[in-house]
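Dear colleague,

Here is the structure I said I would pass on. My notes follow below it.

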Amino acid sequence: MEPRVGADLLLLWAMCLGCAQADGWTGYSTVIEVTNGGPWGDWAWPEMCPDGLFASGFSLKVEPPQGIPGDDTAMNGVRLHCTRGNAEHSTRVVESQSGRWGAWSEPLWCPFGSFLVAFSLRVEAPVILGDNTAANNVRFRCSDSTELEGPGLAWGDFGNWSEPCPKGICGLQVKIEQPRGLRDDTAVNDLRFFCCSS
């Protein structure tokens, strides 16, 4: 049964690329990832900036601490703000699937003319007894070397930086755990980003 699931996922991925290309997206050159993502959830549908635009900014959906005996989920979503290098013009927002908890932050922007090129993810290691949150925050590096840290929570540690995109990030994909009712929820567990060359 598992090989068929893998084949179905591959087919969905190919269909997604076809849809994106039909909308004017010509493709990506590489994918950047980190090694410390959380273990729960599934990869959602990838979302891409329109052709010719790159991510100059980002915003996070974050649930504040819930206290005891609340269930914390921390980071619930990521949005990329895509531009041609000027945050005031031609801005398009793209987001992969997001969780139901929390509120969206105001965007953080790279300096004029620069784009997001690399990232580092803050993840709380799994605990057997207790409240797991998985991904809590993200940092991005801009093409001019400026570093931007999201307004996420402080549980866990930042891992190593991803490899940088040659020009800029142009899409994202979120690994997210769906709501589990009365059981422990984590929402966003991991991220990957797509690099475009033109």
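Two rings of Phe, Tyr or Trp (for Trp, the six-membered ring) count as a pair if their centres lie within 6.5 Å; planes under 30 degrees apart are called stacked, over 60 edge-to-face, and the rest tilted. On that basis, Phe-58, Phe-119, Phe-140 and Phe-193 are linked by ring pairs into a cluster.

First, the basis of the notes. This is a predicted model, in which local features need pLDDT of at least 70 and side-chain atom pairs count only at pLDDT 80 or more, while totals for chains, interfaces and linings use all residues. Residues are numbered from 1 along each chain as its sequence is written, and side-chain values use heavy atoms, with hydrogens and water left out.

Confidence

The average pLDDT (the predictor's confidence in each residue, from 0 to 100) is 85 for the protein, and 83% of the residues score at least 70. Over residues 1-25 pLDDT stays under 50, and the model has 16 contacts (heavy atoms within 4.5 Å) for them beyond four places in sequence. Where pLDDT is low, the predicted coordinates should not be read in detail.

Aromatic pairs

The ring rule gives five aromatic pairs. One of them is tilted, because the rings of Phe-54 and Phe-115 have centres 5.1 Å apart and planes at 45 degrees. Phe-54 belongs to strand β4 (residues 54-62) and Phe-115 to the loop between β8 (108-109) and β9 (116-123), so this pair ties together parts 61 residues apart in sequence. Strands here are DSSP runs (E, at least two residues), numbered from the N terminus. Phe-54 and Phe-115 are both buried, where buried means under 20% relative accessible area, exposed over 50% and partly exposed in between (1.4 Å probe, protein chains only).

For Phe-119 and Phe-193, the centres are 4.7 Å apart and the planes at 70 degrees, so that pair is edge-to-face. Phe-119 is in strand β9 and Phe-193 in strand β14 (residues 188-196), so the pair ties together parts 74 residues apart in sequence. Phe-119 and Phe-193 are buried too.

Asn-136

Asn-136 is in strand β10 (residues 135-142) and counts as buried because its relative accessibility is 0%. Its side chain makes a polar contact (N or O atoms within 3.5 Å, one able to donate a hydrogen and the other to accept it; residues adjacent in sequence count only if both atoms are side-chain atoms) with the side chain of Thr-133, at 2.8 Å. Beyond four places in sequence, the contacts of Asn-136 include Ala-74, Arg-122 and Trp-155.

Regards

Technical notes:
Helix = DSSP H or I, 4+ residues; strand = E, 2+ residues; numbered from the N terminus.
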